[in-house]
Amino acid sequence: MEQRSPSCHQKAWPEKPMISQASRPQWGTDEVCEMQVPLGSGEGPSASDMSPQQEDPLSCIRACCMCRPQAEAQKLSFLASICTICEAALEDSGAHYRLCVCPLEVAQCIEELLQEEPAERLDTELWQQAMNAIAAMSRAWLLPEERKSSLLRACLGSVLRLPRHEDTQDRDAALYMETMEALHRLLQVLVGSAGTSVLMELQNILELLLPFTTCQLAAVEERAMACIARLLAFSNTCPLPEVCSCFTGAVVLRHQCTENQRFPVLGKLAGQLILCCTSTDEGTRDEAMKAVRQLFIFIASQRMWMWQKDPKKPQLRERWQTLFYEQVSQENNARKIFRMFLKYLQYPERVSIFLTAIESMTVPSLHSTELAAHMVDVLSAEVHFPPGQVQKIVKVIYSSLPSITAQPALESLGRALLVLASKYPREMVSSLLGCSPTCTSVTITMWKEMLSESLAVEKVLQELLRVLTNHSLYHMSTSTGDRPRVLALAAARILPEIIQLPLVLKEAEAIFPQLFLALLLQVSFTMELTLQEVEIFWEVHQQHHLTPIRAAVQSLKVLLCGVGLQKQMEAIEEQGGWDALLSTVTHLQGVQVVARVMRELPGALRDPIFHQLVELLSTKFCSWEMVAMVFLVEMLECVDLSEELHRVVSLFSTYLQSQSVGMQQLVLRGILQLSKRQDTARKMLGLLPCITEQLQDADSGARAMALPVLSSLLRLLERGKLSLVALELASNLPALFEDESGTVRQLSIHLFLDTLSFVEGREKRKMRKEVYRSLVPLYLHLHDEEESVAKASQKAFLGAARFLHWRRLEHLAEVAQFWQIGECMLVERRKSAAQDYLGQSLLYLQSPQEPLRREAVRFIELIGRHEIPTVRSRWWRFGRR
């Protein structure tokens, strides 16, 4: 980009040539410290030893930097010496290093002198001399950047607060006028000597001046506004660097601004100037109008500068000048001026005006509250804000609202919240939840304003629902705004406060299934909050013993009562469901209680809840699975599954593969329920392979649930398919006869007996081999410690004997002559079977049940009498192991 030469306005410093930006020396303490002369070293006079007429400027500066001057004459001599040195530096640019005495220390010394002066008093000309010295250092490029703002802040803080002098003949009045002129010259010199950084310098000064325009002292506001007006007028006469097109209102894609091309204070400046045009002080109003005119010229000149490149628009400058005098005049009111400025400002500046108007409402005595309200109304309705700007607006409204009392301002903010909620529901909800997770009274007021129209209510409630069911709830972050679990807790907390609003209640009824389940799941999420997350909520509500989980449960109760389900809420209370939800130990039991009560609802409410459960489980996020599955299984008996059966079967197939034992048992329980319903039983047959796998991989609890399911489903198979499945099961079931659970042993033995009646044809011959393999386990479990298992073994052994047509064995099992069964088994079968019997019996020597170990030893001894050599060898090897 083209680099423009530094500005050198003739009225500011006509007598000195401007040194180029490239030749500006980079001053630091290391380069000049060797030139400092310690006080009393004999190499130079001290500040106290020399009179202003005797000392030379450089020696005076050095001495005063080493020992701060106390007398007024010494201070003035020090400041005059600085001006002299800087003028010499401008005359001879090569003399910078020779003349300089550490600019950083000189600037620090000036600042300390200013701080020592009596505040808000004008006793001497020191203020104007200090500002002249600062201006001289800036012209000579000897003013350190790191000290510039603090020096200027010190000058503004005292000079703008000086007492007013109405009598122009008074000496103090003349001194006051000279001091104010020195301040104006200083500001102009700082801008004029900034070179290509003129926009940055102008912005820094304006940011320091703006707070004085709202200080509640009319004289201070008027002076600050006069400084801004004169500074803008001066800037409009200086050549400015080429600003970025985005500054002038043009839309430019894929561009990057440099810092020298940006002017971010523009929006705040425009907003404050327009508001000051309605100040209660006449002097402030006049100066504000002057500043507005200069600001318009400043903006318009940038726009015209770009348009001058367009050959089709040669007379634009004249048109803009005419337009300016027509639109920005004393007769125009502030509202018209505001509207005119909006044409030339982009959204960042508009956001700044928006925020400035809101902040001005906190001090209604300074400016017109009606104008601020009008600005808020127009900007909220017409401007499109990026998400980050919406968050900033919400924070400013939240922080300002407690201090705003004027009714027009409150009504305007209410309208703005409503409009923004309709346009940016996601940003508004997340921002407001982030402002106050604990739901303060200010937050409640803002929520109610946002929810005063049906369109906004629908959008906002949908966003609250999204926050409650946010899929990223387990992604942690260090800030509240980025912590979805805290935001979800805040969403649950606000619902009881807004649910009673008529429009909210109507929308809540429309989305009751989703909202109800989201709050129920929120109770579960709350139990997993970290200590840091809990403290965010607990610090505010601990006096009410309202812990996060109790707050979530309370929200659920309020929702039920709000939609007319108070009886259901009380029924859950009577069955201990609410209390059970509060404990990690009984939480799932509480969910079961809630589900059992809710399944008594009319189908119009119950079925949508079930459909929503299916949707939740389809997303497959681990923290929802258990609670949602418990609820779904409880509702299976009473819902119409004609539309959702296929999805439910698919869910069951997926969740059977879960690593959670509890989840496996829940799914099997659900399958068992559906296998007993005529309209759904046959759809469960597709799950047979998955259920069969549970016999091998799952724990005893899942096996105890899978075995009845298999028994129920087998009876639904066609004969050919049934025979094959029964044969496969018969080969797997004997491994369960030794399960640690008596229920599993009993059920597996019963199912084995059932499979004998299911096989036919060629499978029947294959089944004989499986029956032979089961004889020893069944025989030994005739002595099982659990009576139910022993009886099941007797029935199964009897069925096996009949299947093999062993009449003698059948008779012994029928009359319970168990002690003879072993002998009969050895006699009836060929001798080679003894080897198989022995191998199976040896395994039972390690059984946890003593009766089974004892019976296994007796049977092995019986085998030994029939096969002495073989048995002795096997006994010896087993004993060594």
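One thing to keep in mind is that the model is predicted.

Let's start with the aromatic rings. Searching the whole structure turns up nine aromatic pairs. One of them joins F516 and F631, an edge-to-face pair with 6.0 Å from centre to centre and 70° between the planes. Where do these two residues lie? F516 belongs to helix α24, residues 512–526, and F631 to helix α31, residues 622–635, so this pair ties together parts that are 115 residues apart in sequence. Both F516 and F631 are buried.

Next come Y837 and F859. Their ring centres are 6.0 Å apart, but here the planes sit at 50°, so we call this pair tilted. Y837 is in helix α42, residues 833–843, while F859 is in helix α43, residues 850–866; the two are 22 residues apart, and the pair links distant parts of the chain. Are they buried or exposed? Y837 is buried, with a relative accessible area of 1%, and F859 is buried too, at 0%.

There is also a group to look for on your screens: F354, F385 and Y424 form one aromatic cluster.

Now for the cysteines. How many disulfides does the structure hold? The count is zero. Take C65 as an example: its nearest cysteine sulfur belongs to C109 and is 5.1 Å away. A disulfide needs the two sulfur atoms within 2.5 Å, and C65 is in no disulfide. C65 counts as buried, at 11% relative accessibility. C690 is buried as well, with a relative accessible area of 16%.

Key:
Residues numbered from 1 in each chain as written. Predicted model: local features only at pLDDT ≥ 70, side-chain atom pairs only at ≥ 80, totals over all residues. Heavy atoms only, no water. Phe/Tyr/Trp six-rings, centres within 6.5 Å; stacked < 30°, edge-to-face > 60°. Helix = DSSP H or I, 4+ residues; strand = E, 2+ residues; numbered from the N terminus. Buried < 20%, exposed > 50% of the residue type's maximum accessible area, 1.4 Å probe, protein only.
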